[in-house]
Amino acid sequence: MPERSLTLYLYLSALFVAALVAANVVASKIIMIGGLVVPAGVLAYSITFAVTDTINEVWGRQRAQTVVKAGIAVQLLVWLLLVLAIAMPAAPFWQGQAAFSAVLGATNRIIFASLVAYLLSQSLDVLIFHRLKELSRDKHLWLRNNLSTFVSQTLDTVVFIVIAFAGTGQPLMQLILGQLVVKYAIALLDTPVVYALVWAVRQRLTAPSPEAA
């Protein structure tokens, strides 16, 4: 991969990982958006689908799948580091262990749920997007962006909510429906963002290098 292309790919991959980690860390908090009950990580996690769709469009399925696999490794590392941080003895003068364990300890289950849902949904998203791209002969980016995201986000939401919150007393159906409405809305709104990202990346890739000027 040429250096300029690699640099752009790495920046998008870093954005993907940052959004993924943020989604896992904040997901244990339940928030209200327009009267809908959703985990706080819904916005951050939705960003990951826009990024993989952009990578898939510009560099192809294999590159997008590579980012998805890297995301699994990152989530496992974050999980391990959280477990270690909670287990390590606190300094005698620090009084925040109970709150620290309560908040980040809940994240362990969140990360496990996210891993299962992530592996299924992101792989499905990449596959559907790629197939639709082939069928449409590289046309109708809006269609493959939205359809692949709708299907994969539906699977992700159901799997994640059931594993993360079953038995905790949380309203599972409310969480599922609320998250789906918000994710569908974000998917529609991020279509221009995906178009802009794809355009910007391609413009950057085809721009003459300073050495050539």
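**Figure 1. Salt bridge between E134 and R131 in the predicted model.** E134 and R131 form a salt bridge in which the closest N and O atoms are 3.4 Å apart. Because the two residues are three places apart in helix α4, about one helical turn separates them. An α-helix has 3.6 residues a turn, so residues three or four places apart point the same way. E134 is partly exposed, at 45% relative accessibility, and R131 is likewise partly exposed, with a relative accessible area of 43%. The model is predicted.

**Figure 2. Salt-bridge network of E57, R144 and R202.** Salt bridges that share partners join E57, R144 and R202 into one network. Between E57 and R144, the closest N and O atoms are 2.9 Å apart. This pair connects distant parts of the chain, with E57 in helix α2 and R144 in helix α5 (residues 141-165), 87 residues apart. The side chain of R202 also meets that of E57, at 3.5 Å from N to O. R202 belongs to helix α7 and is 145 residues away from E57 in the chain. E57 counts as buried because its relative accessible area, 5%, is under 20%. R144 is buried as well, at 1%, whereas R202 is partly exposed at 38%. In total, the model has four salt bridges.

**Figure 3. The largest nonpolar core.** This core has 24 residues, and those with the most contacts inside it are L12, F16, Y45, I55, W59, Y118 and V201. At least two residues come from each of α1 (3-26), α2 (42-59), α3 (61-87), α4 (97-135) and α7 (191-206). Helix α2 gives the most, with eight residues. Another core, of 13 residues, lies apart from this one and includes A27, I110, A113 and F165.

**Figure 4. Surroundings of Y118.** Beyond its neighbours within four places in sequence, Y118 is in contact with residues including F16, L20, Y45, V67, V68, I72 and D156.

**Figure 5. Helix α1.** The 24 residues of α1 reach 35 Å from first C-alpha to last, close to the 34 Å expected at 1.5 Å a residue. Among the buried residues of α1 are L8, Y9, L12, F16, L20 and N24.

**Figure 6. Nonpolar surface patch around L84.** L77, L80, L81, L84 and M88 form a nonpolar patch on the surface, with about 500 Å² of accessible area together. L84 is located in helix α3 and is partly exposed, with a relative accessible area of 42%.

**Figure 7. Loop residue A40.** A40 sits in the loop between β2 (36-39) and α2 and is partly exposed, at 22% relative accessible area. Leaving aside neighbours within four places in sequence, A40 contacts V26, A27, K29 and I31.

Key: Residues are numbered from 1 along each chain as its sequence is written. This is a predicted model: local features need pLDDT of at least 70, side-chain atom pairs count only at pLDDT 80 or more; totals for chains, interfaces and linings use all residues. Side-chain values use heavy atoms; hydrogens and water are left out. A nonpolar core is a set of buried Ala, Val, Leu, Ile, Met, Phe, Trp, Tyr and Cys residues joined through side-chain atoms within 4.5 Å. Buried means under 20% relative accessible area, exposed over 50%, partly exposed in between (1.4 Å probe, protein chains only). Helices (H or I, at least four residues) and strands (E, at least two) are DSSP runs, numbered from the N terminus. Contact means heavy atoms within 4.5 Å. The expected span of a helix is 1.5 Å times one less than its number of residues. Patches are made of residues with over 30% relative accessible area and no salt bridge: like charges are joined within 9 Å, nonpolar side chains (Val, Leu, Ile, Met, Phe, Trp, Tyr) within 5 Å. Accessible areas come from the Shrake-Rupley method with a 1.4 Å probe; for residues, only the protein chains shown count as cover.
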